[in-house]
Amino acid sequence: MNTSVQQLQNTLFDQICEAWSLLQEQQPLVHVMTNAVASNYVANILLAANASPAMIDNPFEAEGFVKIAGALSLNLGTPTTEQIEAMQIAAKTAHNIQKSWVLDPVGYGNVLHWRSCVVDQLMTYQPTILRGNASEIGALAGKNIESKGVNSTVDSSEVYLQAQALLEQCECIAISGESDYIISRDYPVIQVLGGSYLQPRVTATGCALGALIAAYSAVSSPAIAALSAHVHFAIAGQLAFAKAPTLGQFNAAFTDEIHQLNIETIRQYADFRILAD
């Protein structure tokens with residue numbers, strides 16, 4: 001590792017620790033619109049991380065609540081007509097007042113046409129951070145990828161180069177997979193390692209990750225928010241699996257590790273690499 005890369009990596013470690021500290025101090029209010037399967041789990045993960053979730057997804061309260069929240073998280077997992085109306089109001093409001101917001105385009109691709117059109121509309125409001133799996137991000141970037149429902153059929157390493165074109169519409173892109181990739185206007189591509197293979201087997205972990213990115217974005221820059229949330233999840237997954245390698249026990253242990261993270265643990269276990277442009 002050359003000197004400049006090492007210096008940047010050290011700087012990023014410091015910024016992750018600072019973002020975590022600010023999250024604990026400020027406990028930001030996160031306005032979350034997510035899917036019916038995920039709502040309870042997402043709220044509990046945000047609470048475990050010391051953020052404050054508000055699961056408000058009706059069009060009558062969307063504009064006002066975006067204005068008082070620290071950040072907005074939109075997830076297209078199980079969209080309804082009313083929820084989509086609320087998302088469009090919230091995204092437009094966040095864009096107009098320059099409030100940080102995260103878009104998780106669940107299921108985007110050739111199969112689920114209606115929601116994919118909704119995502120295209122939401123993208124016109126320029127999400128601060130775009131978060132998804134490789135199939136979703138690849139499809140948004142124009143790569144011809146078929147998805148398996150809302151699950152990814154390709155590896156994140158296959159699409160992160162193509163995804164850089166999406167930086168014209170957002171400030172940062174986070175691609176989750178066996179390893180995760182953070183793409184932004186401010187830094188080279190960052191690969192985040194760690195976690196556990198059990199994480200995708202727990203319903204709504206990806207949805208919760210998007211909401212945690214939003215929480216971090218309320219206290220830090222977009223790229224640092226995405227990196228910090230992914231590192232937070234990766235460490236929690238790694239440590240939870242070491243203590244509880246069966247699925248049911250892992251699920252509970254993962255929430256505990258999200259809650260118990262501290263700066264010492266970040267510095268000991270955070271594993272990310274800076275990739276060449």
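**Cavity lining and cysteines**

1. Helix α9 (residues 222-243) supplies the largest share of the lining of the largest cavity, namely 4 residues. Helices here are DSSP runs of H or I with at least four residues, numbered from the N terminus. The structure is a predicted model, in which local features need pLDDT of at least 70, side-chain atom pairs count only at pLDDT 80 or more, and totals for chains, interfaces and linings use all residues. Residues are numbered from 1 along each chain as its sequence is written, and side-chain values use heavy atoms, with hydrogens and water left out.

2. The search of the whole structure returns 1 cavity of 30 Å³ or more. A cavity is a set of points, on a 1 Å grid over the protein atoms alone, where a 1.4 Å probe fits but cannot get out; lining residues have an atom within 4 Å of a point. The volume of the largest cavity is about 30 Å³, taken as the space filled by probe spheres set on the points.

3. Residues lining the largest cavity include Val 192, Leu 193, Gly 194, Tyr 269 and Asp 271. By class, the lining has 7 nonpolar, 2 polar and 1 charged residues, with Gly counted as polar, Tyr as nonpolar and Asp as charged.

4. The disulfide count is 0, a disulfide being a pair of cysteine sulfur atoms within 2.5 Å. The sulfur of Cys 17 lies 18 Å from the closest cysteine sulfur, in Cys 172, which is too far for a bond. Cys 170 is likewise in no disulfide, and the nearest cysteine sulfur, that of Cys 172, is 7.3 Å away.

5. Cys 17 is buried, at 4% relative accessible area, where buried means under 20% (1.4 Å probe, protein chains only). Cys 170 also counts as buried, at 1% relative accessibility.

How values were computed. Buried means under 20% relative accessible area, exposed over 50%, partly exposed in between (1.4 Å probe, protein chains only). On a 1 Å grid over the protein atoms alone, a cavity is a set of points where a 1.4 Å probe fits but cannot get out, and a pocket is an open set with protein on both sides within 12 Å along at least five of seven lines; lining residues have an atom within 4 Å of a point. Helices (H or I, at least four residues) and strands (E, at least two) are DSSP runs, numbered from the N terminus.
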